[in-house]
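Morning, everyone. Please take a look at the protein on the screen, and then I'll walk you through it.

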Amino acid sequence: VAARREKEKEKLRAYLALEKQILDLKEANQWTQEALRLTEQFLSSNPEHYTIWNYRRDIFTNFIFKDRTPEESHKLLFSDLAFTTTALKRHPKVYTIWNHRRWCLESMPEGPGNADDGGAEGGEGWKMSAWSQEMIIVEKMLSMDERNFHAWDYRRYILSHCPASLKRTDSDELAYTTRHIEKNHSNFSAWHQRSLVYTKLWSEKPESRTKALLDKEFELVKQALWMAPDDQSGWMYHRWLIGNGEEPEVLEREISVIEELLEEEPESRWCLNSLVHYKRLLLQHRSGEQHQLTEDCRQSLNKLASIDKMRRQRYEGICSYPCSLLRNVLPYFSFDTLTYYGSKKQ
């Protein structure tokens, strides 16, 4: 035990000495090949040190890009992409690694016409090669961990910044998210990406938001709710589809679907929460049913208070609202903010 502790102390001393050496070089504005090597050595052991990543980029900007040819700069940037690929295999959820990859892509110099033309002069061959490689890498990472939200966010970055010839169509993206959702209904990132695609599509082409398409989406999310009624991913997407509840017929249909699920899962917090939320939305359209809908909400809230004791006071507080206040529904996501973040108390 003593020998192991001494070995750990020695590693810590070496780590701190290397950190000090690099920071001293940074303070002295030393932009050298040796400094670049030292940053790689340090970041291989601790890729979360953002100051040293910044210094590494400064070395590229003040030394590599000024003193090297575009071809040499291209090779060094590709080497850095390979370096961060290795780092991501060990640390797939470290922000600083993903951020450095973005910087490498954005700093790639102009190069040959395409990646396979033997070096013919032209436009953006090096950039095209880099962007193409990135999509392959990030989708391979998502195949290993389909819920890595860092990888999903990076993939969105690639799609929004890559050359036009590499961009995906909305249909391609929807098919991609469908595959991930069918593989794992709890994949919140895939549901989120799906909502972003539809938001963009419906903004650009409002006529594409058809009843048939929405019914298809409700059917897809219904399968997820029945497969995993205690998982928030499907419920959040369902709320996004409902929106502010402007279509009472859709609200009534979906309330019936959830009530059917509640019969099978009588203590499902998400079922009860959603029923309260949707019935509060329905109060805006069915004033003649105010008494019954209000009573239904209060029954569900009382049951939630008994099964979800951590939020008991919240449910009791909402339950005490007079009918007139209960009808003044908050924006659809804010109603359940505390429930969504739960014990994280965010």
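Accessible area here comes from the Shrake-Rupley method with a 1.4 Å probe. By that method, the accessible surface of this protein is about 18600 Å². Carbon and sulfur atoms hold 51% of that surface. Keep in mind that this is a predicted model.

Now the fold. There are 17 helices and 0 strands. The protein has 346 residues, and 45% of them count as buried.

Let's go inside. The largest nonpolar core has 86 residues. Ile 158 and Tyr 198 have the most contacts inside this core. Helix H13, residues 269–282, gives the largest share, 8 residues. Beyond its close sequence neighbours, within four places, Tyr 198 touches Leu 174, Leu 213, Glu 217, Tyr 237 and Trp 240.

Next, charges. Side chains of opposite charge can pair when their charged atoms come close. The whole structure has 27 salt bridges. Which residue forms a salt bridge with Lys 279? The partner is Asp 296, with the closest N and O atoms 3.3 Å apart. Lys 279 sits in helix H13 and Asp 296 in helix H14, 17 residues apart. Both residues are buried.

Helix H14 covers residues 290–307. Its span is 26 Å from first C-alpha to last, close to the 26 Å expected. Among its buried residues are Leu 293, Cys 297 and Leu 301.

One last pair. Arg 156 and Asp 153 meet in a salt bridge at 4.0 Å, N to O. Both lie in helix H7, 3 residues apart, about one turn. An α-helix has 3.6 residues a turn, so residues three or four places apart point the same way.

Methods. Residues numbered from 1 in each chain as written. Predicted model: local features only at pLDDT ≥ 70, side-chain atom pairs only at ≥ 80, totals over all residues. Heavy atoms only, no water. Helix = DSSP H or I, 4+ residues; strand = E, 2+ residues; numbered from the N terminus. Buried < 20%, exposed > 50% of the residue type's maximum accessible area, 1.4 Å probe, protein only. Expected span 1.5 Å × (residues − 1). Core = buried A, V, L, I, M, F, W, Y, C linked by side-chain atoms within 4.5 Å. Contact = heavy atoms within 4.5 Å. Salt bridge = Lys/Arg side-chain N within 4 Å of Asp/Glu carboxyl O.
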